[in-house]
Amino acid sequence: MRNDIELDAMIEDYLKGNLTAAEAEAFEQLRTNDPVVDHKVVAHKAFLETLTQYGKVLSLKQQMDNAHAQIDVEAMAEKMRPHPSFIVNLWRKNKSAVAIAASFLLLTIFSVYSIQHNSKQNGTYEVMRREITNIRNNQNKLVRTLNSNGPAPKTRKGPSGLAKFGGSGFALTANGYLCTNYHVIRDADSIYVQKNGESFKVKVAYFDAQYDIAILKIIDNTFTPLSNLPYKLKRNGVGMGEDVYTLGFPKDDAVLGEGYVSSRTGHNGDTTQYQVSIPINPGNSGGAVFDNYGNIVGMITAKENQVEGAAFAVKSKHILEALNAIPSDSLGRKVVLSKKNPLQGLNRTKQIDKIQDFVYMIKVYN
Amino acid sequence: MSNKLSSSVPTDREVVLGILNNSEDALNRLYTGYFPMILQFIMNNNGDEDDAKDVYQEAIIVLYNKIRSGDFELSSKLKTYIYSVCRRIWLKKLAQQSKKTTNLSELDDVVAVEVDLEQHEEKELLFEKMGSALISLGEPCKTIIQDFYINNLSMQDICEKFGYTNTDNVKTQKYKCMQRLKKLFFQT
C-alpha cells in the first residue's frame, strides 16, 4: 500500500516533469523493466489528460455562463421568437428573396419605362402639335358655350384655318341636299361646300342637335343638279363585324378610312350610334359610312379620346328620319332618294370612284 | 439589434489569438458576438433559449478544442463555422427528439464539420463519464481531486484547506480517492 502510494506519486511527478534528471532516468529504467509499472504510467497519463480536459471544459463552460449572463437573452428571444402570424414568419424567412424580387421588379419597371420613354420621343412631337390645336379648339368651344348657353358640342372636327372649320358631307338628293353633322355647321355665319375645287354656298335646311344631324341645301346659282345618286340609305341596322368604309376630308382631298362595325351602340351605350373601328381624324365628321354593297349605314360623328380605334357613327335610320322630319314646304323641291343601288357588286375601287362625286368638303366661316 | 451586437464582434484573427492566449475577454466577445445568430436559428427551428444556449456552448467548445489542438486553419469564416456546427448539433438533437426537421432549410451556407464533431462527441462521452464518476465519488474526495488536478493547488494548500495534519495524509487520501475515481470511471 505504501509502495503503491509512493509509486503513484512518483508517476505523477514523472508525468509533470518534477523529477530530477537522475530520478527520471531511474524511473524510466524501472518502466522498461517492469511492464506493470509502464502500463500504470500510460493508463494514469491518459486518465489525467481526460481529467484536466474535463476541468478545462468545466471552466470554459463557467466562463461562457458568465458571458451568457451578460446577454439579455429574454429580450432578444422575444424579438426572434417565431411570430404567431404566418405572414410575419413568411416575411422574416424570405426577407432576402423578397428584397431581390423587389429590386428586380424595380429595375424592370425602370428599364421598361426608360425604353418606352426613349421610343416615345418621336411621338411626343406629334402629340404636342395636336395639343396646340386642341387648346385652340377648347378656347373656341368655351366662347361658344358662353355665347349660346347651350350644351357643349360633342366634338369639333377639323379646323382648317383660323376661325374656319372643316368637315365632310355627302349628297342626299341629286338636287343639292347634303347631309353633315350638326356640330360641324353649328354657329356658322356662312357655309360653303367644296368638291373638285368648286365651291358652293349652302344654307341649313334642317338640323337636329340631339342626333347631331344637319341637312344643308346648296343655294349657289352655279350649282348644276347631280346625276342620280349611286348609293342609297340603309333603313335597317347592320350587324357587328360588317366591313365599312368612309370617305372624308381630314385634308383637302378625300381620304378613305376602312374598318368594321365594332359595336351596335355608341358612346356610353348610345343606341342612336354605332361604334366603328375606323381610324378617323379631325375633318372626318359628317363623312358617310358605307357598307360593302355601297349602302350608307351611318355618318361619322365623333371618336373617343382615350380609346384607340373607337369612332362613332350616327345610324342611317336617323338620317332618314331627319329627312322625313323636314316640313315639305321648307324642302321646296322634293327630296329624292335613289331606290336602286348601282354600287352593289362593284369592287371597292369602283365604288369609291362613283361615290367620290357625291361627297363634299364642308367649310364653315364664323 | 443584431447589427449593434455584431459591431462588437471581434475579428476572426483576434478570436483565434485570444483563445490561444487564454484570453477571457476574447471568449466573452466571441460568445456575445455570435449568440444572437444562433438564438435566432434555434428559435426559428422549434427550439427555445435554453436549447440555443446548450447548442451554442457546445459549438464554442468544439471551436475551442479545434483551435487549441494547433492544426486549426481558417478555411471559412468563424461565423460560418460556428453556424455549421450549431446546425449539425441541432439537427442531431431534433432527430433524437424525432421532431419535424423538414423545415430546416438545406440551402444555408455551411461547411463540413462532421470530423470535428465526431471527435467532440467522443470527448463529450468521456467528460460525461468523468462528471458522473466525480459526483458519485462524493466529498471530500471530489474536491480534493478537483483542487489538485484541475485547479492545480499544491499538496500544502489542500492540507491546510481540509485541516490535515501533514501532506502525507493528504497524499494517502488523494491516492485512495484517485483509485476510487478510476474504478468508478472505468466501471460505467
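**Reading the interface and the helices**

Guide: Let us begin with one crossing: α3(A) and α3(B) cross in a right-handed sense, where a crossing is left-handed if the near helix is turned anticlockwise from the far one by less than a right angle, and right-handed if clockwise. Helices (H or I, at least four residues) and strands (E, at least two) are DSSP runs, numbered from the N terminus. This is a predicted model, in which local features need pLDDT of at least 70 and side-chain atom pairs count only at pLDDT 80 or more, while totals for chains, interfaces and linings use all residues. Residues are numbered from 1 along each chain as its sequence is written, and chains are lettered from A and ligands numbered from 1 in the order in which they are written.

Visitor: At what angle do α3(A) and α3(B) pack, and how far apart are their axes?

Guide: Axes are lines fitted to C-alpha atoms, for helices over the stretch in contact, and angles run from 0 to 180 degrees between N-to-C directions. Here α3(A), residues 35-70, packs with α3(B) at about 50°, the axes being 9 Å apart. The two helices are therefore oblique to each other, given that angles under 35 degrees count as roughly parallel, over 145 as roughly antiparallel, 65 to 115 as roughly perpendicular and the rest as oblique.

Visitor: Which residues of α3(A) and α3(B) meet?

Guide: Two residues are in contact if their C-beta atoms, placed from the backbone, lie within 7 Å. On the α3(A) side these are A:Q63, A:M64, A:A67, A:H68 and A:Q70, and they meet B:E24, B:L27, B:N28, B:Y31 and B:T32 of α3(B). By class this contact has four nonpolar, five polar and one charged residues, where Ala, Val, Leu, Ile, Met, Phe, Trp, Tyr, Cys and Pro count as nonpolar, Asp, Glu, Lys and Arg as charged, and the others, Gly among them, as polar.

Visitor: How many residues of chain B are in contact with chain A?

Guide: In chain B, 28 residues are in contact with 27 residues of chain A. The elements of chain B giving two or more residues to that side are α3 (24-43), α4 (49-68), α6 (114-137), α7 (141-150) and α9 (167-187). Of these, α3(B) supplies the largest share, 10 residues, and the side of chain B that touches chain A divides into 16 nonpolar, six polar and six charged residues.

Visitor: Which residues of α8(A) are buried, and which are exposed?

Guide: A residue is buried if 20 or more other C-beta atoms lie within 10 Å of its own, exposed if 12 or fewer, and partly exposed in between, with C-beta atoms placed from the backbone. In α8(A), residues 316-325, the buried ones are A:S316, A:I319, A:A322 and A:L323. Seen down the helix axis, they fall within an arc of 110°, so they line one face; the arc is that of the directions from the axis to the C-beta atoms. On the other side of α8(A), A:N324 and A:A325 are exposed.

Visitor: How do α2(B) and α4(B) cross?

Guide: The axes of α2(B), residues 12-20, and α4(B) come within 10 Å and cross at roughly 75°, which makes the two helices roughly perpendicular. B:V16, B:I19 and B:L20 of α2(B) make the contact with B:Y64, B:I67 and B:R68 of α4(B), a set of five nonpolar, no polar and one charged residues.
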